[in-house]
Amino acid sequence: MRRYLPSQKWRDLGIMAVFLLLMWIPAAEFEAFEWLHSFTRAHETWELDEVILLVLLLPLPLAWYAVRRAREATRLSQRALESERDLSHVRKIDSLGTLAGGLAHELNNQLQPLVGLSELLEAETPQEDPRRRKVELIYAGSLKARESVDRVLRFARREAAGFVVHDTSEAMRSMVELMRLSCPTTVQMTVSLADDLPPLGMAWADVESIAMNLFSNAVAAMDGSPGQLDIRLHPPSGPNPNGHAAVLTVSDTGPGISEAQQQRIFDPYFTTKPLGAGTGLGLWQVQTLLHAAGGRIEVQSELGRGTEMQVWLPAAGAGQSAQHVAEVR
Ligand SMILES: Nc1ncnc2c1ncn2[C@@H]1O[C@H](COP(=O)(O)OP(=O)(O)O)[C@@H](O)[C@H]1O
Ligand SMILES: [Mg+2]
């Protein structure tokens, strides 16, 4: 959009002044004021200077209108500038993702010998060797590092690569145990998990990341004061046109989110937390992961009452459900 520059504003006002002057000259030349004077004189008792004043006042509404339009144009151009800035911000985040992806790829390659050789070393070290424990720790550490790098790679590629379909209910149960450990004692946590949930069409690491984000936001919202946190994982109860496998609900009795903020919480870098406490990337990541996998998230919140986040998790496509991995941390 073209901007309305201050110089253009002055140009337009100048044009108007010249126009008024041009109107004035013929009016004076053809004695329009005198004519108007005698005309009004015939009907009323106006003086000549009153008529001149009246003619001079006429352009005022015009000038007022022009100034208003100029202001409106300035506002519009400012808004355009802001959305341009937002766009470049998003582009920066996108390139950051590419950068992280490249770095993760590099790290993945560099981790290969570490993982392979420490596994070999572990196999070669007898149980009674006092160094055995250290070797085991190195091997376990390298596996963990590779897993973290994998997660970044998957996120950067925006795809749920390497679908790992777990026993959903069982995996969720062990994740909830982790949450209980990190839940403050001021918060009363209730959990309701359905049995025999179908396999999910998402890597479990991503489901974990979504659930943990919602959990930590809910705990942070209650901010040390007593409250209630409910976690539910159930099959969709109402109409389910997109065939989602399960609905994860995380609700809290925190302060809630205003309507205006609800529009922004999924924006990258939107946070109401102090510097260092929040990044504003949590819900953005949740939404990105869900969009990539065919899920969705909905917010229901009321100021002073609390917040409920509902996540529709996609079902595994045909063929994926055959792959069943029981490895649950
Ligand atoms: N359960 C919740 N209750 C109240 N506000 C929330 C809740 N979840 C998210 N928010 C709001 O959304 C913002 C963005 O959340 P998020 O993207 O996770 O970033 P962060 O947690 O780093 O601030 C938070 O700063 C907070 O204002
Ligand atoms: Mg967060």
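Reader: What are the ground rules?

Author: Residues are numbered from 1 along each chain as its sequence is written, and side-chain values use heavy atoms, without hydrogens and water. The model is predicted, so local features need pLDDT of at least 70, side-chain atom pairs count only at pLDDT 80 or more, and totals for chains, interfaces and linings use all residues.

Reader: How many aromatic pairs are there?

Author: Rings of Phe, Tyr and Trp (its six-membered ring) pair if their centres lie within 6.5 Å; planes under 30 degrees apart are stacked, over 60 edge-to-face, the rest tilted. That rule gives one pair. Tryptophan 24 and phenylalanine 33 are tilted, 5.0 Å centre to centre, with 50° between the planes.

Reader: Is phenylalanine 33 buried or exposed?

Author: Buried means under 20% relative accessible area, exposed over 50%, partly exposed in between (1.4 Å probe, protein chains only). Phenylalanine 33 is buried at 10%. Tryptophan 24 is partly exposed at 34%.

Reader: Which residue lies over the face of tryptophan 312?

Author: A charge sits over a ring if NZ of Lys or CZ of Arg is within 6 Å of the ring centre and within 35 degrees of the ring normal. Here arginine 296 does, at 4.1 Å from the ring centre.

Reader: What is the strand order of the open sheet?

Author: Strands (E, at least two residues) are DSSP runs numbered from the N terminus, and two pair if DSSP finds at least two bridges between them. The five strands run β1-β2-β3-β5-β4, with mixed pairing. Strands β1 (187-193) and β4 (296-302) are the edges, each pairing on one side only.

Reader: How many bridges join β2 to β3?

Author: Six, between antiparallel strands β2 (residues 227-234) and β3 (residues 246-252). Aspartate 230 stands opposite serine 251 in β3.

Methods:
Chains lettered and ligands numbered in written order. Helix = DSSP H or I, 4+ residues; strand = E, 2+ residues; numbered from the N terminus.
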